[in-house]
Amino acid sequence: MANDLKQRTVEVVDELGELLISISDEIHRNPEVGFREFKAASLLTRTLRDRGFLIDEGVASMETAFVARFDSRAPGPVIAFLAEYDALEGLGHACGHNLIAASALGAGIAAASALSELDGSILVIGTPAEESGGGKVLMVEAGVFEQVDVALMVHPSTESGTFKPSLSCYQVELEFRGKSAHAAVSPDAGVNALDAIILTFSSLNAMRQHLRDDARIHGIITHGGDMPNVVPDYAAAQFYVRASDTAYTEVVFDRLIACAEGAARATGARLEYREYGPRYEARLPNRVLAELMAANMRALDLELTDWSTQRIRMGSSDIGNVSQVIPALHPYIDIGSPEVKASHTVEFREAAASPRAHVALLDAAKALAMTTIDLLSEPDLMDQVRQEFRVQKSR
């Protein structure tokens, strides 16, 4: 039965092909930054409502968050497809979230078409502000995932693969307050806040050689003064601190603050700091889900990268927080031409609306739906997924 249902979901995605591509391209043409994705959320919820899903909007006190639900006649596992649709400020959909949204939509509709023969529920969850704001973190805190058994999504990339961890990420803003003075007439009367920022950067650069390979610290100066002939009495910077586990991220974070405190003492400036935005936790990719997804992607003739044999380049995502509370998977699918080397670039933005990306979008929706058929049709697989999650959390 499972193979017949998988074939049905593939056919449903093909029937939806033109619609899904048009929705993806519409979101791509109208980029909206985090918490302001009104057009994208409206387009997705309207389409899901037309297909029989019950829609709960404004979830977790976010205007552009939603949960769309389709139930079978009998209770069973609850599988959620996560839709992202926020864009990057100034770059648009250079991370391809238009494709994530459309593939989740297609997978949800296709999987729901099989619920006449399977027990369970299909959710499409609209998750705002992945790039800046952590919509999924807020949803986890609001209990949105408490009744969900598995969360799935596919992210566009320059290669395809299913088992890849991520870095946790903390965000911090440093502010130094000094004392203004005429930089030529009376520099001795001033306390230079910009010097404190520069010393902080210098201290961090010296510290890098003594950090683990997986640690990352990167930042920008957001304010460095107003005029060259005035000693800056205020300066500020923002930093991201990352590592492959929460414990070490906290170690690196504390060392960053120590560098800033040292710079304050050296210059006489006063330091204030605050974390901004939620903490993104490291992702726990579920190996059982990864193997199921890999088999279905290969059945669609997709070539997968084995990241276990190479040094993995990792970023951060708020699905990490989801994966800490329920089994989750965040595989990748190749959308790029050979000249496209990385996301968050103009080249990747253009690739996210290319014919190759359209094919990848449909393949992603099919693989997600097929994996869901595996989970709903074979209870032993759900048990294995849950057991793998328990093992991961016990380490």
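This is a predicted model: local features need pLDDT of at least 70, side-chain atom pairs count only at pLDDT 80 or more; totals for chains, interfaces and linings use all residues.
Where is the place of I335?

I335 has its place in the loop between β12 (332-334) and α9 (346-351). Is I335 buried or exposed? Its relative accessibility is 2%, so I335 counts as buried.

Leave aside the neighbours within four places in sequence, and I335 still has several contacts. Among them are L99, P156 and S157. F348, A351, A352, S354, R356, A357 and A360 are in contact with I335 as well.

## H28 in helix α1

Helix α1 covers residues 2-29, and H28 lies in this helix. H28 has 15% relative accessibility and therefore counts as buried. The cut-off for buried is under 20%.

Which residues does H28 touch, leaving aside its neighbours within four places in sequence? They are H93, N98, R349, A352 and A353. A352 is also among the contacts of I335.

Strand β3 spans residues 78-83. It is mostly covered, with 6 of its 6 residues buried. In a regular strand, side chains alternate between the two faces of the sheet. In β3, V78, A80 and L82 point one way. I79, F81 and A83 point the other way. Both groups are buried.

β3 runs parallel to strand β4 (residues 121-126), and 6 bridges join the two. Within this pairing, I79 stands opposite I122. Between β3 and β4 the chain passes through helix α3 (residues 97-112). This β-α-β crossover is right-handed. Strand β5 (residues 150-152) also runs parallel to β3, joined by 3 bridges. Here A80 stands opposite A151.

## The antiparallel sheet

What is the order of the 4 strands in the open sheet? It reads β8-β9-β7-β10, and the pairing is antiparallel. β8 (216-223) and β10 (270-275) stand at the edges. Each has a single partner strand, so one side of each is left without a neighbour in the sheet. Neighbouring strands here are turned by 20° against each other on average, direction ignored.

β7 (residues 168-177) and β9 (residues 234-243) pair in the antiparallel sense over 10 bridges. Two positions illustrate this pairing. F176 has A235 as its bridge partner in β9. Y170 stands opposite V241 in β9. β8 and β9 also pair in the antiparallel sense, over 7 bridges. I220 stands opposite Q238 of β9. Of the 10 residues of β9, 7 are buried, so β9 is largely enclosed by the rest of the structure.

Helix α6 (residues 246-267) lies across β7, β8, β9 and β10. Its run is at about 10° to β7.

## Rings and charges

How many aromatic pairs does a search of the whole structure find? The search finds 5. One of these pairs is F201 with F239, and it is tilted. The ring centres are 4.9 Å apart, and the planes stand at 45°. F201 belongs to helix α5 and F239 to strand β9. The pair thus links distant parts of the chain, 38 residues apart. F201 and F239 are buried.

Two arginines sit over tyrosine rings. R212 lies over the face of Y248, at 3.9 Å from the ring centre. The charged end of R279 sits over the ring of Y170, 3.8 Å from its centre. Y170 also takes part in the sheet, where it stands opposite V241 in β9.

Methods: Residues are numbered from 1 along each chain as its sequence is written. Side-chain values use heavy atoms; hydrogens and water are left out. Two strands pair if DSSP finds at least two bridges between them. Axes are lines fitted to C-alpha atoms, for helices over the stretch in contact, and angles run from 0 to 180 degrees between N-to-C directions. Contact means heavy atoms within 4.5 Å. Buried means under 20% relative accessible area, exposed over 50%, partly exposed in between (1.4 Å probe, protein chains only). A crossover is right-handed if, with the strands pointing away from the viewer, the path from the first strand over the helix to the second runs clockwise. Rings of Phe, Tyr and Trp (its six-membered ring) pair if their centres lie within 6.5 Å; planes under 30 degrees apart count as stacked, over 60 as edge-to-face and the rest as tilted. A charge sits over a ring if NZ of Lys or CZ of Arg is within 6 Å of the ring centre and within 35 degrees of the ring normal.
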